[in-house]
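I opened this entry to keep track of what I looked up, one place at a time. The structure goes in first, and my notes come after it.

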Amino acid sequence: MPHVIVQNCCNDASCVPECPVDCIHPTPEEPGFATAEMLYIDPDVCIDCGACIDACPVSAITTDYELTEEMAPFEEINADYYRAVGSAADLDHPYTDPQLGRRRPPDGAETLRVAVVGAGAAGHYAVSELQNRIDVRCEIDVYERLPEPGGLVRFGVAPDHASTKKVQEQFAAARGRNDVSVHLGVAVGEDVTHEELARTHHAVIYAVGALHGRPLPLPGGGLPVVAAAADFVAWYNGHPDLAGRRFDLSHERVVVLGNGNVALDVARVLTADPEVFVGTDMSDEAVEALRASHVREVVVLARRGPDHAAFTAPELVGLARAVPVVVDPSDLENLDAEPADPQAAHYVRQKLALLRGLAGTSPAEGRRVVLRFGTRPTAITATDDGASVAFDDHGTESSLDCGQVLAAIGLRGTAVPGLPFDEAGGVIPNADGRVLGDDGAPLPGVYASGWIKRGATGVIGTNRYDARGTVDAVVTDFHEGLLTAE
Ligand code: NAP
């Protein structure tokens, strides 16, 4: 009975080294890992030993006979991956132990002192990658602006994705070790300066994430009726910065711009039964607002076709499980040629197959999410009871009235006082995690990890391998004598 990876896979690949038959792919060494929507178990190679189940930090692996009806599509989703890329038995990128070739530090060797700024996924993975090194002893200080740790796992992951949030148990274990001191409620740049951290640590790793929505570059994009979907997400998750913020849920329709996973999250939250959020990370304020909501329909406008959809297949399955999803069958015709890369082509085919399964159904009543494609927004205007969103619909001018407009067009980081910042990319300029000064040369002892390093791409576990690269740079520079600390 093979095992199956289901919706809440976090991609951190903890399961990969545990598998005795290398049947979980893509591995971090494979080129497709960075863009993987999730990891997959080859049912023909799996020996049903259960080792991966114990290793998974988010309980996303189950046996096929224990699959619930809701998770059933994932049996095919796992198998399908290997139909596209070939059998796991033939893939020649087995997991290699990152510790191989490293030497223990000699007795009396200097301890590497590192400040990690940000206690979200990126910060925690930086901590655990430092702890995993056998070639250096570390002392780590974690600084977090908010009074509680977790970053976007706490304030970004949707409240009904409780199993995804379980990764915080792994983070708490890393944080709880005696080589780590955690300083909550301390804002670097306000309560303590970068210079102070740099003086007292060999290295400062910035893992401050990308919390804010990208500004909407449209006439009317800055109107009060338009909010960043990222703010709506932070608000319903009880982020202290958003307490008391008002979103207009008095109209029957909300329009969401962009169709990434954030768009699908907000569409699901707006249309799901509010009672499923009781007792979750959702704030009482948000539960009450959703109970009083008049929203019946969320329209998700994507400027490109379904073959370019930014959402991942697992999240589409999750949306369709929670609420009726409306797709126009004509949107699934006349598509672009498939990408040449087999993994990318597989993802396109898989999403199209799921969308075809949904197409043509149109619930007569009840709440629903409408996925529209080829609809490029052109302007937003305020109306008496909300907003009107104008868009180009396959070459024809069209518009939709709604109460609230949510822009889910990607996330960006914000500048840290005293550090260089790439305004266009919303990241700290860096080379392999080494922060670059204005002259393009690395600033000694300053590093970046996670979304502030590479932009808001990938899922939670993608940050683990990103952190491994940054920690490699820190330790290499330390061993080369480039880092000093008082
Ligand atoms: P995203 O995946 O980058 O998607 C952005 C969307 O906005 C795309 O559809 C894009 O269209 C569209 N867009 C960009 N600029 C636009 C414009 N000017 N006008 C109209 N549309 C525009 O961003 P995201 O949804 O914010 O997600 C950020 C990251 O968080 C992603 O890596 C995502 O996977 C991750 N995340 C994961 C989960 C999960 O795994 N459950 C949940 C939430 C977020 P084009 O494609 O045409 O550019």
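**Entry 1: the model.** I noted before starting that this is a predicted model.

**Entry 2: G185.** I looked up where G185 sits, and found it in the loop between β7 (180-184) and α7 (194-200). Is G185 buried, partly exposed or exposed? Its relative accessibility is 40%. Buried means under 20% and exposed means over 50%, so G185 counts as partly exposed. Next I listed its contacts, leaving aside neighbours within four places in sequence. G185 is in contact with E144, R145, L146, P147 and D191. I also checked G185 against T414, which is 229 residues away along the chain. Their C-alpha atoms are separated by 18 Å.

**Entry 3: α3 and α6.** I turned to helix α3 (residues 121-132) and helix α6 (residues 167-175). Their axes come within 9 Å and cross at roughly 50°. Because of that angle, I wrote α3 down as oblique to α6. The crossing of α3 past α6 is left-handed. Which residues meet there? From α3 I recorded A121, H124, Y125, V127, S128 and Q131. From α6 I recorded V167, Q170, F171, A174 and R175. Sorted by class, this contact has six nonpolar, four polar and one charged residues.

**Entry 4: β5 and β6.** I looked at strand β5 (residues 112-117) and found it mostly covered, with five of its six residues buried. How many bridges join β5 to strand β6 (residues 138-144)? I found six, and the two strands run parallel.

Entry 5: I then looked up an open sheet of three strands, in the order β15-β16-β17. The pairing in this sheet is antiparallel. Which are the edge strands? They are β15 (375-383) and β17 (396-402), and each pairs on one side only. From one strand to the next, the twist averages 25°. I went through the pairing of β15 with strand β16 (residues 386-393) and found eight bridges, in the antiparallel sense. Within that pairing I marked P377, which stands opposite F391 in β16.

Methods:
Residues numbered from 1 in each chain as written. Predicted model: local features only at pLDDT ≥ 70, side-chain atom pairs only at ≥ 80, totals over all residues. Heavy atoms only, no water. Helix = DSSP H or I, 4+ residues; strand = E, 2+ residues; numbered from the N terminus. Buried < 20%, exposed > 50% of the residue type's maximum accessible area, 1.4 Å probe, protein only. Contact = heavy atoms within 4.5 Å. Pairing = 2+ DSSP bridges. Axes fitted to C-alpha atoms, helices over the stretch in contact; angles between N-to-C directions. Parallel < 35°, antiparallel > 145°, perpendicular 65-115°, else oblique. Left-handed = near helix turned anticlockwise from the far one by under 90°. Nonpolar A, V, L, I, M, F, W, Y, C, P; charged D, E, K, R; others polar.
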